[in-house]
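Colleague: I would like to go through this model feature by feature. Please give the general idea each time, then the case at hand.

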Amino acid sequence: MTGSQTKDDFDLDVVVIGGCGHVGLPLAIAFADRGARVGIYDVSSEAVALVSAGQMPFAESGAAEPLRRALADGTLTVSADPAIVADAEHVIVVIGTPVDEHLNPDQAAVPNALGGCASYLRTGQILILRSTVYPGVTAKVEKMIAGLGIEMDVAFCPERIAEGKAMTELFELPQIVSARTPRGVQRASALFGLLASSLVVMSPEEAELAKLYTNVWRYIKFATANQLYMMANDQGLDYERIRQGLAQDYPRAADLPSAGFAAGPCLFKDTMQLAAYNQNNFPLGHAAMAINEGMPLYLVHRLEQRFDLSAMTVGILGMAFKGGSDDTRSSLSYKLKRILAFKAGTVLCADPHVTTDPNLVPMSEVLARSDLLVIGAPHPEYRELKTDKPVADIWNILRTGVAL
C-alpha cells in the first residue's frame, strides 16, 4: 500500500472494469467465490441488470451458482456507475485492443476507456490490465497514470482461459504476472495467488508478447491443419483419417488439430496485432490469416463443384464461433452465410445455443427444408444427427469423414 492508505480505506478488494463480459465476469465471480469483496463496473446497463438479478448474460459452465451465491452473500456488487472504481484497492481492466476495418490495432482503446474512469482512480490503488493489449500499451498506461498525479501501481496480468472453461482454468492454469516495480509484482501476485495454481513473473513487455504469442501459435496451428486438410481433400483423401493414423501412439504429432473454422474474438485479431507490431513483416501470420479466413470460401467452392447451389436451399447448423458456445463474435459461420446468400437459392441457419440472432430458425425447420446441410459449429447436439440430406462436415463431428 502506498502513502498513508491501508486496505481498510477501501470498501472493495477488487473492481473489474468491463466486468459483465466473457473475461471479466468469470474473473469477478471467481474472486468473490474465494472470499474477496468484488465490484463490477460495466457500461452496459442491460448486462448489469441481468448480472444483478443473478443471471449469466452468456453461457459459462460452472459460473451461475457461484454468481447467485456471491450476490446473496454480498461479496459481489454490480454497477453501471464508474464511481464504484474509487472503492476498490485492485482495479482490473478487461477492455481489449480491437483491430479496425483495415486490420490495424487501436493502441489507444485501453487508455481512452480508462479516461472515463480517471477521476475515480486514487493513490494506493493498483491498476491491473487483464485483456490482450498491443505491445507497449502497459507503458502508455503507466505514463497516463503518472500524468494524473497519483501514486498508483500498474501491472499486466493477461487472461489465459478458454471460453466456457473459465471457472476451471482460472484455478488450474499458471498466471502470468508483470509489473515495472517489485511492489507492483508483489501486490498483483498476492491478488492472483487467491486463484492461480502457480505464478509466472515477467516484465510487462515480455508478458504482452507472451499473451500474443499464445494466441498466434494456436492460430498458426489451426491454419496448418486447414491447409493440410485442403491438400488431402483436393486429392479425394480424408484428412481426418490421415491425422488420426499419424498421431496414433506418436506423441510428436499429438498436437496436430482437426480441420475447422478457426475464429472467435482473439486469434485472428491478435495475429494482426503481432503483425502490426513487427511493421507488418509477419508472412507466417498473414498466411495463417489467408488460410483460416479462406475456409468458408474454399468450402463453398468445393460444394459448387458437386451441387447446383443456385437451385438449392442450404442449411447451416451452428452459428457460434466454436462448438458448445453461444458466442457469435467473429464466427466464420456468418462469413459462410454471406457467401452462400450470394451463391445459393436460400440459406437457413440454426443454433441450439445462440440467443442473440433473431434470424435463426429451429433446427427441425432447417432439416426439413434444406437440400444440403453444412456443419458451421461442431456442437455436441449434432453428433447423433440423422438425415438423408448430404452434409458438409469439415469438423468430422458426424465421424463419417470430411472429404468434400
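Colleague: How exposed is Arg180?

Modeller: Arg180 counts as partly exposed, at 41% relative accessibility. The classes are buried for under 20% relative accessible area, exposed for over 50%, and partly exposed in between, with a 1.4 Å probe and protein chains only. This is a predicted model, in which local features need pLDDT of at least 70 and side-chain atom pairs count only at pLDDT 80 or more, while totals for chains, interfaces and linings use all residues. Residues are numbered from 1 along each chain as its sequence is written, and side-chain values use heavy atoms, with hydrogens and water left out.

Colleague: Which residue does Arg180 meet in a salt bridge?

Modeller: In general, side chains of opposite charge can pair when their charged atoms come close. The criterion here is a side-chain nitrogen of Lys or Arg within 4 Å of a carboxyl oxygen of Asp or Glu. Arg180 forms such a bridge with Glu205, at 3.0 Å from N to O. Arg180 sits in the loop between strand 7 (175-179) and helix 7, and Glu205 in helix 8, so the pair links distant parts of the chain, 25 residues apart. Glu205 is partly exposed, with a relative accessible area of 35%. Helices (H or I, at least four residues) and strands (E, at least two) are DSSP runs, numbered from the N terminus.

Colleague: How many salt bridges does the structure hold?

Modeller: It holds 20 salt bridges. One of them joins the side chains of Arg187 and Asp153, at 2.9 Å from N to O. Arg187 is in helix 7 (residues 182-192) and Asp153 in strand 6 (residues 153-156), so this pair ties together parts that are 34 residues apart in sequence. Both Arg187 and Asp153 are buried.

Colleague: And what about a pair inside one helix, Glu65 and Arg68: how far apart are they in helix 3?

Modeller: They are three residues apart in helix 3 (residues 64-73), so about one helical turn separates them. Glu65 is partly exposed at 42% relative accessible area, and Arg68 is partly exposed at 41%.

Colleague: How do I read the packing of helix 8 and helix 12?

Modeller: Two packed helices are described by the angle between their axes and the distance between the axes. Axes are lines fitted to C-alpha atoms, for helices over the stretch in contact, and angles run from 0 to 180 degrees between N-to-C directions. The axes of helix 8 and helix 12 (residues 295-306) come within 12 Å and cross at roughly 10°. That makes helix 8 roughly parallel to helix 12. Angles under 35 degrees count as roughly parallel, over 145 as roughly antiparallel, 65 to 115 as roughly perpendicular and the rest as oblique.

Colleague: Which residues of helix 8 meet helix 12?

Modeller: Asn226, Tyr229, Met230, Asn233 and Asp234 in helix 8 meet Met295, Tyr298 and Arg302 in helix 12. Contact means heavy atoms within 4.5 Å. Tyr213 also lies in helix 8 (residues 204-234), and Tyr213 is partly exposed at 47% relative accessibility.

Colleague: What do the buried residues of helix 11 pack against?

Modeller: They pack against helix 8, helix 10 (267-277), helix 12 and helix 13 (332-343). The buried residues of helix 11 (residues 283-293) are Gly285, Ala288, Met289, Ile291 and Asn292.

Colleague: Is Ile17 buried or exposed?

Modeller: Ile17 is buried, at 3% relative accessibility. Ile17 lies in strand 1 (residues 12-17). Leaving aside residues up to four places away in sequence, Ile17 touches Tyr41, Val85, Val91, Ile92, Val93, Val94, Ile95, Leu114 and Cys117.

Colleague: Which residues other than glycine have a positive phi, with Asp249 as one case?

Modeller: Asp249 has a positive phi of about 55°. Asp249 is in the loop between helix 9 and helix 10 and counts as exposed at 73% relative accessibility. Another case is Asn396, with phi near 60°. Asn396 is in the segment after strand 12 (391-392) and is buried, with a relative accessible area of 12%.
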